[in-house]
Amino acid sequence: MDKTAFEQQARTWREKALSVSMSCGAGRDEAEDIAQDVMLRLWQMHDELERYDSIEALAALMARHLLINHQRRRKPEALSETKIVSITTSPHEQLEMKEDDHWLTKRLEQLPTTQRTLLYMRQVERRTHEEIALLLGIETTSVSTLLARARRTLLEDIKRRNNL
């Protein structure tokens, strides 16, 4: 595809990449960055574009995959207490919630390193069992077993704390 033909279609492809990014949860600025990356990649492969049936579909697919990769690289945002505690909670409830949070954090720190790491990767980073197994070089069944142990340990501690 030559430069003139690319320029004629570029606006359509960019809009498609932008709309796909935003519909998948990107904010306006992030969607703009994704659309710009898509256009750069399309230009880099402009000689090969004629072999595709729908370049618009290719742009949409690229945008979706770039957004997923971008979101995976982003560090998880920790919620502050002001985001968690609603306006309607009483000071007593806020204190209880703070104590519960402190207790749980302390219990998580007391878990064996492997269990704590697995819980973090699964619950915070939202990784699959297969991804965790691959990263740590262990079997998928071992991931399941270790996660179950960590959760069971925490559940038992919670029951003891609440006298259940």
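Predicted model: local features only at pLDDT ≥ 70, side-chain atom pairs only at ≥ 80, totals over all residues.
Phenylalanine 6 is buried, because its relative accessible area is 7%, under the 20% cut-off. Tryptophan 13 is buried too, with a value of 3%.

Phenylalanine 6 also pairs with tryptophan 43, again edge-to-face, at 5.0 Å centre to centre and with 70° between the planes. Why is this pair worth a look? Phenylalanine 6 sits in helix H1 and tryptophan 43 in helix H2 (residues 28–44), so the contact ties together parts that are 37 residues apart in sequence. Tryptophan 43 counts as partly exposed, because its relative accessibility is 34%.

Now for the surface. Which residues gather in a patch of negative charge? They are Asp2, Glu7, Asp47 and Glu50. Aspartate 2 comes in the segment before helix H1 (3–23), and with 47% relative accessibility this aspartate counts as partly exposed.

Elsewhere on the tour there is a nonpolar surface patch, formed by Leu135, Leu136 and Ile138, which together have about 240 Å² of accessible area. To find leucine 135, go to helix H7 (residues 129–136). Is leucine 135 buried or exposed? Leucine 135 counts as exposed, because its relative accessibility is 52%, and the cut-off for exposed is over 50%.

Key: Residues numbered from 1 in each chain as written. Heavy atoms only, no water. Patch = residues over 30% accessible without salt bridge, like charges linked within 9 Å, V, L, I, M, F, W, Y side chains within 5 Å. Areas by Shrake-Rupley, 256 points an atom, 1.4 Å probe, with all protein chains shown as cover. Salt bridge = Lys/Arg side-chain N within 4 Å of Asp/Glu carboxyl O. Lys, Arg positive; Asp, Glu negative; His and termini not counted. Charge placed at Lys NZ, Arg CZ, Asp CG, Glu CD. Helix = DSSP H or I, 4+ residues; strand = E, 2+ residues; numbered from the N terminus. Buried < 20%, exposed > 50% of the residue type's maximum accessible area, 1.4 Å probe, protein only. Phe/Tyr/Trp six-rings, centres within 6.5 Å; stacked < 30°, edge-to-face > 60°.
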